[in-house]
Amino acid sequence: VLATQPPCVLLNDGNKMPMIALGTGRGTAKETDTLDDVRNAVFWAIEAGYRHIDTAAVYGDEEQVGQGIADAIAKGIVTRDQLFITTKLWNDKHARDQVVPALKESLSRLGLEYVDLFLIHFPIATKEDGSPDNIDYLDTWKGMEEAKQLGLTTSIGVSNFNISQIDRLLANSNVPPAVNEFEVNPTLTQEPLVYHCMSRNIAVMAYSPFGFLVSRNRPEAPPPKYDDPIIGAIAAKYGKSPGQVVLRFAIERGLVPIPKSTNQKRIAENINVFDFELSAEEIAAIASFNKNVRVIEIDGWKDYPNYPF
Ligand code: NDP
């Protein structure tokens, strides 16, 4: 258990967001991961000091996330107000009048009265069968503003928005997005998008933070892999693991990484990254792995309106 809580970033709406979140998306997880593993992972994470959990309607595990939270509250480890819970609106609920009902359904699955952050998962709208729909995300955003107004979520934001989509949203909204969540790791450092968001006071959550450091069943993937000598030397210097070095790389850049694990030991390892710092040279060395290669490809949506990549 950490002696102190992880630090927070101050969002543009005054809300405070803890600087590391447990990922609960199982899309890139082991085939053996079950929904019950999510319940345990959330409980172990809170026990280990995490105060931020990242889930989404499409992950199909909001119920188990809620159970893990309830277990931790029942054991007296935390109170609800000490937690920061993020969930996301799926692509087939983008019509303005679908947003609040969709969030209410997420809340009922989570067993919560509010979430701390609600994100538009993708700028792309689809019909229920997954075929493209042409709902403008500016209309979706009006529904997001209503959800905030109703107190169903404290903060609202987006995920997988690119620079021009961020600009168009900022120019046409009453409440600016507090967060943009997108992929960032050593092979996808995203300097332009990170800079763009931060200079407009939009906090960045970094998904798939390990990149190809962990196995993605992509043998052709670029370095760094887990046994990379450059990462290994930095890890040895600080007495940390390669995974911890890569998470610290995100934190040094002011990002909020979202490591996913259902393994109790690795869950504890991943939050133990607040007692060392990387030098500017080490940060530059890790950033030089950048190849603009994504872990999360959505090629199937290439021809859909508002495809962001
Ligand atoms: P991660 O970079 O978190 O990698 C997860 C993998 O790394 C798992 O196989 C995990 O295995 C393994 N792992 C975890 N910790 C360690 C460690 N210390 N050492 C070695 N291996 C480790 O990738 P994800 O793609 O899962 O992304 C993380 C989260 O980001 C998701 O769960 C989700 O919440 C969010 N996300 C959001 C998206 C969006 O569109 N907004 C898209 C993709 C992800 P094990 O569990 O066995 O430890």
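This report looks at the ligand site, a pair of packed helices and one loop of a predicted model.

## About the model

In this predicted model, local features need pLDDT of at least 70 and side-chain atom pairs count only at pLDDT 80 or more, while totals for chains, interfaces and linings use all residues. Residues are numbered from 1 along each chain as its sequence is written, and side-chain values use heavy atoms, with hydrogens and water left out.

## Around the ligand

The side chain of Lys-260 places an N or O atom 2.6 Å from a ligand oxygen atom. For Ser-159, a side-chain N or O atom is 2.9 Å from a nitrogen atom of the ligand. A polar side-chain atom of His-121 lies 3.3 Å from a ligand oxygen atom. The protein buries 92% of the 910 Å² that the ligand exposes when taken alone (Shrake-Rupley method, 1.4 Å probe).

## Helices H1 and H2

H1 (residues 35–48) and H2 (residues 62–74) pack at about 35°, their axes 7 Å apart (axes are lines fitted to C-alpha atoms over the stretch in contact, with angles from 0 to 180 degrees between N-to-C directions). Among the residues that meet are Val-38, Val-42 and Phe-43 in H1, and Val-65, Ile-69 and Ala-72 in H2 (contact means heavy atoms within 4.5 Å). This contact has 8 nonpolar, 3 polar and 3 charged residues.

## The loop between E9 and H7

Most residues other than glycine have a negative phi, and most peptide bonds are trans. Asn-217, in the loop between E9 and H7, has a positive phi of about 55° although it is not a glycine. Pro-224 also has its place in the loop between strand E9 (203–207) and helix H7 (229–238), and a cis peptide bond with omega of about 5° joins Pro-223 to Pro-224.

Terms used
Polar contact = N/O pair within 3.5 Å; in protein donor to acceptor, adjacent residues only side chain to side chain. Helix = DSSP H or I, 4+ residues; strand = E, 2+ residues; numbered from the N terminus. Nonpolar A, V, L, I, M, F, W, Y, C, P; charged D, E, K, R; others polar.
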